[in-house]
Amino acid sequence: MTVTHLERRGSTPLERLQLLLHRRPTISPLVVLIVASAVFGLASDRFLQPSNLSLILQQVAVIALLAVGQTIIVLTAGIDLSVGAMMILVALVMGAFGGPLGWNGIVVVLLGLMLGGLAGGLNAFLVVRIRLPPFIATLGTLNIFVALALILSGGRSTPGTDLDPFLTWTATAFAIGDFRLTMGVVLVLLVYLVVGFALSQTAWGRHIYATGDDEPAAHLTGIRTRRVLTSAYVLAGVICGLAAWALIGRVGAATPNSAVDANLDSITAVVIGGTSLFGGRGRLAGTLLGALIVGVFRNGLALMRVDVIYQTLAIGVLILLAVSLDQWIRKGRSAS
Amino acid sequence: MTLQTDPTTMASAAASGASTPAGGRAPLIEARGIAKAYGAVVALDGVDLDLYPGEVLALIGDNGAGKSTFIKCLTGAVIPDTGTIKVDGQEVRIRRPQDARDAGIETVYQQLSLSPALDIATNLFLGREIRRPGFRGSVLRMLDVPAMRREAREKVQDLGITTLQDITQAVETLSGGQRQAVAVARAVAFGSKAVILDEPTAALGVRESRHVMDMVTQLRARGLGVILISHDMQNVFEHADRIQIMRLGRRAGVVSPRTHTMQQTIAVMTGAATLDADGRVVPSDEAPSGATS
Ligand SMILES: Nc1ncnc2c1ncn2[C@@H]1O[C@H](COP(=O)(O)OP(=O)(O)OP(=O)(O)O)[C@@H](O)[C@H]1O
Ligand SMILES: [Mg+2]
């Protein structure tokens, strides 16, 4: 294989590290996850037990799912502040139709996915047509979706027992060895596989990266950047619909009071996972690692009886470290 | 007459001084009355252009004369306010760059149009990716990365571009000249009817510039039309069959290196002279613009 200019240029160990992290953006979150797990494992006997690891998976499932949609948006150099609100809206609509109105569960789930896509379509319209900055557009829709959810549901929850069983199907548990997984967790992994494949193996994925990297350049290359952006927001909405389904299973009800922090947590997972907020670089696998890191920190610190406030503090430090690392890696690039 | 260019015909045709080379050939691209304003700034004020197969048409003009804006109107990167474009005699609506590409027109834009984080092979095939054969390609829509890399390597080699070694290298890690080479390679490799180059040698060394001009000559020999924007008059006079002079958003005239000297051409370009209907250069009454010394 030919030696690239860069490998020749990366002379000091530090520069070589910079290059490696740039080429393999999932390395840093993977290292963090392994080190954190090892430390928590030493600090608490219970941490590495299958029952606890299974619990972590179930705890992060909903956030991990939202973070898939968030990753797609961030790769396009955007941000979606409304993912959590879309999820709550869909969950409450599903709860209303699958509960009091007694609709068939499968129909309700499909309806929920469509509603998610529609909500994402509104974001796409604002970003692509009206040309609002994604931050502003989704800040607006965040409030609209939350308000709509409360208006439609009247602020009431629908308990899982009143729902069509298909809506709580994501809570169905099964065991693999000592591990207990839920269908919700399986759903999450499936979404990661499918979207990860689309991002890394299809032309659509390349166009997402190219659009986020340099939108005007991508447009001149012949990529239909508006269409690409629209697809990203709509898909993120549909994934929020799936997250709503997982949420109903996880909480055991369709309620407006759950997952209030879901939105910021999804961004946290994306950022810790090594996806650049400037767009065009990152891996979906990194986001899964990022979501797991957040889950591991919260769970591990809780087992060590560290107060929730300090868990939050730790997450904050993690975010800043991750973004600083991204800046450092990018700086090495632009200096060349 | 075949598509192969006959240099003598071209020369005598151009020598007539008119803006159409003879041979009864229809233009590949015919633009009429292209106008574009950015607010109060009139970038283009009704510009015409004819590009024939097998010719190199140079587009010259001072900075801000509207050259880049004009070719962007031809390729769908900018939507003109008014004007019509015909390709092969058919009026076409080019509303986005992909439309021009579909028509066989490839472009190297002045500010290049590469995705920095993606590698050379991906950039070459951006927007025309190769999919895997069979189920994986048709249903799963899976990219054939090995095939694209192989073809990219072949194309770069065929074009004799030696500055690009590793096809899997990210474009952002390339030097300015190497990036330009990628952009030129993409246009030359995929252009089937016309290739438009906006200052393609601006960042290139002497050897690489000469190589790009060799590629231009080959395109012309293959019967493609080439529009070349350049500030390098030597280069323009050496390679162009015809020279369209742009001035203040208008076509100041079309000359040929065989009938006009470089001094005359530059005089028209700067406004010190104008072309009359017969292609004669007449000193202009209008004072030369302040920029010229
Ligand atoms: N996007 C834009 N917004 C506003 N004005 C523009 C825009 N693009 C071009 N212009 C204006 O249009 C005019 C023509 O610009 P253009 O880039 O076409 O010139 P040019 O002939 O290519 O110059 P150069 O030789 O410097 O590349 C200039 O006055 C420029 O300021
Ligand atoms: Mg220009």
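Two elements of chain B, α3 (97-102) and β6, each supply at least two residues of the lining of the largest cavity. Helices (H or I, at least four residues) and strands (E, at least two) are DSSP runs, numbered from the N terminus. A cavity is, on a 1 Å grid over the protein atoms alone, a set of points where a 1.4 Å probe fits but cannot get out, and lining residues have an atom within 4 Å of a point. This is a predicted model, in which local features need pLDDT of at least 70 and side-chain atom pairs count only at pLDDT 80 or more, while totals for chains, interfaces and linings use all residues. Residues are numbered from 1 along each chain as its sequence is written, chains are lettered from A and ligands numbered from 1 in the order in which they are written, and side-chain values use heavy atoms, with hydrogens and water left out.

The largest cavity has a volume of about 100 Å³, a volume being the space filled by probe spheres set on the grid points, which are joined across faces, edges and corners. Its lining includes A:L220 and A:T221 from chain A, and B:T75, B:P97, B:I105 and B:R186 from chain B. By class, this lining divides into 5 nonpolar, 4 polar and 3 charged residues; Ala, Val, Leu, Ile, Met, Phe, Trp, Tyr, Cys and Pro count as nonpolar, Asp, Glu, Lys and Arg as charged, and the others, Gly among them, as polar.

The structure holds 2 cavities of 30 Å³ or more. The second largest cavity has about 30 Å³ of space and is lined by A:R206 together with B:D119, B:A121, B:T122, B:V145, B:M148 and B:R149. Both α4 and α6 of chain B supply at least two residues here, and α6(B) has the largest share, with 3 residues. The lining consists of 3 nonpolar, 1 polar and 3 charged residues.

B:T75, in the lining of the largest cavity, is also one of the buried residues of α2(B). Buried means under 20% relative accessible area, exposed over 50%, and partly exposed in between (1.4 Å probe, protein chains only). In α2(B), 9 of its 9 residues are buried, and the helix is followed by B:G76, whose phi is positive, near 85°.

The magnesium ion (ligand 2) is coordinated by B:S68 (OG) and B:Q110 (OE1), at 1.9 to 2.1 Å. Donors are N, O and S atoms within 2.8 Å of the metal (3.2 Å for Na, K and Ca), and water is not among the atoms, so sites may look incomplete. B:S68 lies in helix α2 (residues 67-75) and B:Q110 in the loop between β6 (105-108) and α4 (120-124) of chain B, 42 residues apart. B:S68 is buried, at 19% relative accessible area, whereas B:Q110 is partly exposed, at 39%.

Chain A has 14 helices and 4 strands. Its radius of gyration, taken over C-alpha atoms, is 20 Å, close to the 20 Å that the globule rule (2.2 Å times the number of residues to the power 0.38) gives for 336 residues, so chain A is as compact as a globular protein of that length. Buried residues make up 52% of the chain. Among contacts (heavy atoms within 4.5 Å) between residues at least 6 apart in sequence, 74% join residues at least 24 apart. One buried position is A:S276, with a relative accessible area of 0%, in the loop between α12 and α13 of chain A. Leaving aside its neighbours within four places in sequence, A:S276 is in contact with A:V74, A:R281, A:D326 and A:R330.

Next come the pockets, each an open set of grid points with protein on both sides within 12 Å along at least five of seven lines. The largest pocket has a volume of about 1,200 Å³. Its lining holds 44 residues, of which A:H22, A:R23, A:R24, A:P25 and A:R283 lie nearest the centre. Elements giving two or more residues to this lining include α2 (13-23) and α3 (27-43) of chain A, along with α6 (145-158) of chain B. The most comes from α14(A), with 7 residues.

The second largest pocket contains about 460 Å³ of space, and α13(A) gives the most to its lining, with 5 residues.
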